[in-house]
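I have kept to what can be read from the coordinates.

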Amino acid sequence: MSLVDFFMPVDDRKFGAEAGFHSSQMGSQMSVFTHHFPDLEEGTVDIVLFGVLDDRHAVNNEGCALGPDYIREKLYSLHAGAFKPRIADLGNIKAGHTVADTYIAVKTVVTTLVKNNMVPVIIGGGQDITYAQYMAYEDLEQKVDLVVIDNKFDLDDIADDPSIEAYSNSYLNKIFLHQPNYLFNFSNIGYQTYFVNQDSLRVMEKLLFDVNRLGDFYNKISVAEPIIRNASVLSFDISAIRSSDAKANSNASPNGFYGEEACQLCRYAGMSDKLSSIGFYEFNPAYDSEGQSAMLLGQMIWYFIEGFYQRKRDFPLQPKSQYLIYRATLKDGSHELVFVKSKKTDRWWMQVPYPTGHSGNERFHLVPCQYDDYQNAVAGEMPDLWWRTYQKLI
């Protein structure tokens, strides 16, 4: 089956040659599926945008299936930055006969694109589509580091049956319980404690996953950069943004990230050499006032694209001459911790050794970290990130 079989084209009058975009606007600099499916020959396209028209499992947010074209309209109107975009828009995946059919379509498309070194950008639909985005990596046979930007954990504490369907408020159950398990790490950015069951927090702690309260980023959004840099898959729920900046979601809340912070998070995602797919979910045009939320999402995607074209290719760490090695010994002398700093970007990584008996050729796992982690190690304290990562390697 060809990829074109999964998609329906977008309206040429709104998004194609007939729309009359200025030559500097994104709409005129993208290859768009209106009459002819874009050429996806490897090496000619970097980023691939597509919508998903399915909200059947979007809990309390019916209507978000209609979101993709509203986001497109705003994104296409933005002027390109100091980059030459090589972007294709494949149009929209229609809702399948069942939700499972939609998942299969999304999974197949993402797998094909990632395998051919293109970064999928998914827009529209419920956040349960994250499950299909994640499942794409099963065929790629690679471990996944999943980062979700959301004001809560979409985890049903009593659902322990992997056959239960995924919904926008419980899709993490499907991911966590899937066998074979190829999820190496899960991180949440921006949860708000009053939306989270304490049992869920205990589950996250037991599984050694990284969860980060909204307050952890107050006036220091840069703390999110190493978390996002470690992601191979990112899912962004619009409800993580405060309703005053993005109200186009029936689950919107007064608190959350500011619009400019959401854009910065997306720029970090674009700049990550490791990140290979991103999804923006739960945007519902029925609640959008004067198109402001759609415009914010268009700008968020724009910042992701800008970040992508500013990737420094400093991971993996080659050549070694471009990096500085720092060592620190704990107070009790039990461990020597090794840190790596890029001369090019000033970004930090921490080496976590594989346990004895590891069958691979690699001696250590590199995890992105902050300068603060190095300072803690210099002070003789074991960084929590090192310990949690080591436990996952056992």
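Predicted model: local features only at pLDDT ≥ 70, side-chain atom pairs only at ≥ 80, totals over all residues.

1. Leaving aside residues up to four places away in sequence, Met300 touches Phe236, Ile241, Ala262, Cys263, Cys266 and Phe280. As general background, nonpolar side chains tend to be buried together in soluble globular proteins.

2. Helix 8, residues 259–271, can be examined in the same way. Its 13 residues reach 19 Å from the first C-alpha to the last, close to the 18 Å expected at 1.5 Å a residue, and the helix is mostly covered, with 10 of the 13 residues buried. Among the buried residues are Ala262, Cys263 and Cys266, which are also contacts of Met300. The buried residues of helix 8 pack against strand 6 (144–149), helix 7 (224–229), strand 9 (233–237), strand 10 (277–281) and helix 9.

3. Which side chain forms a polar contact with that of Thr102? It is the side chain of Arg56, at 3.5 Å. Thr102 is found in helix 3 (residues 99–115), and it is buried, with a relative accessible area of 1%, under the 20% cut-off for that class. Not counting residues up to four places away in sequence, Thr102 touches Val52, Asp54, Arg56, Lys94, Ala95, Gly96 and Ile129.

4. Some backbone features in loops deserve a look. A cis peptide bond, with omega about 0°, joins Gln179 and Pro180, and Pro180 lies in the loop between helix 5 (171–177) and strand 7 (183–191). Asn60, a residue other than glycine, has a positive phi, near 60°; Asn60 sits in the loop between strand 3 (47–53) and helix 2 (67–77) and is exposed, with a relative accessible area of 54%. Asp346, likewise not a glycine, has a positive phi near 65°, and its place is in the loop between strand 12 (336–342) and strand 13 (348–353).

5. For the chain as a whole, there are 11 helices and 14 strands. The radius of gyration is 21 Å, close to the 21 Å that the globule rule gives for 394 residues, so the chain is as compact as a globular protein of that length. Along the principal axes, the C-alpha atoms fill a box of roughly 70 × 50 × 40 Å.

6. Burial and contact totals complete the account. Of the 394 residues, 57% count as buried, while the chain exposes about 17,500 Å², with carbon and sulfur atoms supplying 49% of that area. Among contacts between residues at least 6 apart in sequence, 72% join residues at least 24 apart.

Key:
Residues numbered from 1 in each chain as written. Heavy atoms only, no water. Helix = DSSP H or I, 4+ residues; strand = E, 2+ residues; numbered from the N terminus. Buried < 20%, exposed > 50% of the residue type's maximum accessible area, 1.4 Å probe, protein only. Polar contact = N/O pair within 3.5 Å; in protein donor to acceptor, adjacent residues only side chain to side chain. Contact = heavy atoms within 4.5 Å. Rg over C-alpha atoms; globule rule 2.2 N^0.38 Å. Areas by Shrake-Rupley, 256 points an atom, 1.4 Å probe, with all protein chains shown as cover. Expected span 1.5 Å × (residues − 1).
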